[in-house]
Amino acid sequence: LRSFLDGLIGSAHTVRVDAAGFIWVVDVGSHTVLKAHPSGRIMMVLGRRGSPGADEATFNQPTDVAVAPDGEIYVTDGYGNSRVVRFSREGRFLAQWGSKGDGPGEFNLPHAVVLDREGRVYVADRENARIQVFTREGRFLEQWTGLGSPWGLAMTPDEDILVADGKNNRILKVSR
């Protein structure tokens, strides 16, 4: 039908649509997350284009984004960093959690993120072959293993979770 954001994306990694119809694009190549109006007009930029980092204002090859019903934004910053970053609906930094490792709350390539209606945050910890579950504030709740290597996550309207198992080339449907 059309294209938009032409010339503004270094390497598109993920696209999501939030409940309000805004389009979110994770640009792993430019270290940014873009929020666009359906017309293509950029509404918000998280991160600094072309400036990898690990502070409150930068990412290093982010991988995914999820938007909570109240508008809070969660970004998995996975290839260069091993963390989840939480922002207000206006894009103000609120918190971050995670570091490189295989213990609870640690990640080896956090690659996807979804939220349920109760506010739990599900993170696909790809290279650790697990899904970790957190509160919105980043408190570790539990981990799920035995689901292959989760590369992508999607929440269904019934709040089951679809898991793209990239190592075994299959899609799993799991309950919360």
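Q: How many positive and negative side chains does the protein chain have, and how far apart do the centres of the two sets lie?
A: This is a predicted model, and its protein chain has 21 positive and 22 negative side chains. The centres of the two sets lie 3 Å apart. Lys and Arg make up the positive count, Asp and Glu the negative one.

Q: What share of the residues counts as buried, and how much accessible surface does the protein chain have?
A: Buried residues are 50% of the 176. The accessible surface comes to about 8,300 Å², and carbon and sulfur atoms hold 49% of that. Turning to contacts with a separation of 6 or more, 36% link residues 24 or more positions apart.

Q: How do you know that strands S5 and S6 pair, and in which sense?
A: Two strands pair if there are at least two bridges between them. S5 (residues 64-67) and S6 (residues 73-77) have four bridges, in the antiparallel sense. One detail of the pairing is that Val65 has Val75 in S6 as its bridge partner. Five residues sit between the strands of this hairpin, and Gly71 takes a positive phi near 95 degrees there.

Q: What makes S11 and S12 a pair, and what is the phi of Gly138 in the turn?
A: The cut-off is at least two bridges, and S11 (residues 130-134) is joined to S12 (residues 140-145) by five, with the strands running antiparallel. Ile131 stands opposite Trp144 in S12. The hairpin has five residues between its strands, and Gly138 in the turn shows a positive phi of about 100 degrees.

Q: What makes the phi of Leu5 worth a look, and is Leu5 buried or exposed?
A: Leu5 has phi near 65 degrees, which is a positive value in a residue other than glycine. Leu5 lies in the segment before strand S1 (12-17). The cut-off for buried is under 20% relative accessible area, and Leu5 comes in at 8%, so it counts as buried.

Q: Where does Leu109 sit, and what is its phi?
A: Leu109 is in the loop between strand S8 (93-97) and strand S9 (110-115). Its phi is about 80 degrees, positive although Leu109 is not a glycine. With a relative accessible area of 8%, Leu109 is buried too.

Q: Why is Ser88 called buried?
A: Because buried means under 20% and Ser88 has a relative accessible area of 5%. Ser88 is found in the loop between strand S7 (83-87) and S8. Not counting residues up to four places away in sequence, Ser88 touches Gly71, Glu72, Ile73 and Leu94.

Q: How do you know that Asp125 is buried, and what is it in contact with?
A: Its relative accessibility is 0%, so Asp125 counts as buried under the 20% limit. Asp125 lies in strand S10 (residues 121-125). Leaving aside neighbours within four places in sequence, Asp125 has contacts that include Glu106, Leu109, Arg130 and Pro150.

Q: Is Ala36 buried or exposed, and which residues is it in contact with?
A: Ala36, in strand S3 (residues 32-36), has 0% relative accessibility and so counts as buried. Beyond neighbours within four places in sequence, its contacts include Phe4, Leu5, Phe22 and Met43.

Methods:
Residues numbered from 1 in each chain as written. Predicted model: local features only at pLDDT ≥ 70, side-chain atom pairs only at ≥ 80, totals over all residues. Heavy atoms only, no water. Buried < 20%, exposed > 50% of the residue type's maximum accessible area, 1.4 Å probe, protein only. Contact = heavy atoms within 4.5 Å. Areas by Shrake-Rupley, 256 points an atom, 1.4 Å probe, with all protein chains shown as cover. Charge placed at Lys NZ, Arg CZ, Asp CG, Glu CD. Helix = DSSP H or I, 4+ residues; strand = E, 2+ residues; numbered from the N terminus.
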